[in-house]
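Here is a short briefing on one protein model. Have the sequence and the 3D view at hand as you read.

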Amino acid sequence: MKRFYQKIALLMALVILAWSSEVSAQADFYKGKTITVIAGTTAGALYDQWSRLLAQHMGKHIPGKPDMIVQNMPGAGHMIAANYVYNKSKPDGLTLIGSIVPTLYFDQLVGRKEAQFDWAKFVWIGSPVQGESQMYMRADTPYKTIEDVRNAKEPPRCGAQGTSDSAYYLPKLFEELLGAKFNLVQGYPGGPEIDLAVERGEIHCRAFTIEAFLSREPYHTWRKKGFVRNIIQTGKKRDRKMPDTPTVWELMDKYKTPEASRRLANVMLASGALGRPMLGSPGIPPDRVKMLRDAFNKTMEDKEFLADIDKRNFDLDPVTGEELEKIVKDVMNQPPDVIVRMKKLLGE
């Protein structure tokens, strides 16, 4: 009997030793290594700034304290970066996208060949913000409310880059949901060029994130001068900084939007809940996924990180990787009729 207990004790010791060795190996994986954080835009854009902030602060919370560097990979509205990380990077947790436009799943759902990824199979690390949107309108136009847009003989002119741009699909969605009409002027190289066209009086409006509208110029100056007004926002509830701007959900209730159109709204506006997500390629080992998610969550409470956020006047409304993963799985499971409506709205 004594020898039996000795064998049991030895077996338990070996199990503990093996487990300890495995934990140590996991913790040491990132030691002395460098994580490359891909930014799908040019330097200076808000997605790039978020990528750099995370790269600056997140590494110290990852076991082994790896270096984190940012590599810009702009083009095709973040599509190049997404395709690269999905198809070309090794699934080892050493290549991440720091912050990506959350509407890329539109391209997959409507079957665009450029989307060489499965959105639901990315590894979701977390997002520092949620990305609800708004539409601003020049204050000197007759379009004071969505009701004015609905009743206008001549629709307001809104600027956009292309059909995958929120400045394009949000006005088209508002047409579908609320009966408003917009004249969309496409082909601008980027947001700053659209804003300049608004200042010149060439166009009247633009739709994009609340976060961007509240965080930088020229919008600070515009708001002080009363140059623009916000006529609609996309969140389920009003943003605390835009308490007087109605949500699309309130307006759908007002105009009795049909259920089929509401389902379309749920799919397309889910991108707001994804915010500016950090993600990795499929196949990263689960233990490293946990380390990355834990590090992201700790970064969201890091005092130095929070101080940097305050300096930039950025909002912080984090979403965990687990929450992002659930949102993505739900949104990618759509019936054919919703996909058909999406294709029509996006001009497919």
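Which residues lie nearest the centre of the second largest pocket? They are Gln130, Glu132, Gly235, Lys236 and Asp317, among 27 lining residues. The model is predicted, so local features need pLDDT of at least 70 and side-chain atom pairs count only at pLDDT 80 or more, while totals for chains, interfaces and linings use all residues. Residues are numbered from 1 along each chain as its sequence is written, and side-chain values use heavy atoms, without hydrogens and water.

**The pocket**
- The second largest pocket has a volume of about 770 Å³.
- A pocket is an open set of points on a 1 Å grid, where a 1.4 Å probe fits, with protein on both sides within 12 Å along at least five of seven lines; lining residues have an atom within 4 Å of a point.
- Volume is the space filled by probe spheres set on the points.
- Two or more lining residues come from each of α8 (210-215), α11 (259-269) and α15 (321-331).

**Helix α11**
- Its buried residues (under 20% relative accessible area) include Ser261, Arg262 and Leu264.
- Among the elements covering the buried residues of α11 are α4 (105-109), α6 (166-178) and α15.

**Asp302**
- Asp302 sits in the loop between α13 (286-299) and α14 (303-312).
- Asp302 is buried, at 8% relative accessible area.
- Leaving out residues up to four places away in sequence, Asp302 touches (heavy atoms within 4.5 Å) His57, Lys60 and His61.

**Helices α2 and α13**
- The axes of α2 (residues 46-58) and α13 come within 10 Å and cross at roughly 100 degrees.
- The two helices are therefore roughly perpendicular (65 to 115 degrees).
- On the α2 side, Leu54, His57 and Met58 make the contact.

Note on methods:
Helices (H or I, at least four residues) and strands (E, at least two) are DSSP runs, numbered from the N terminus. Buried means under 20% relative accessible area, exposed over 50%, partly exposed in between (1.4 Å probe, protein chains only). Axes are lines fitted to C-alpha atoms, for helices over the stretch in contact, and angles run from 0 to 180 degrees between N-to-C directions. Angles under 35 degrees count as roughly parallel, over 145 as roughly antiparallel, 65 to 115 as roughly perpendicular and the rest as oblique.
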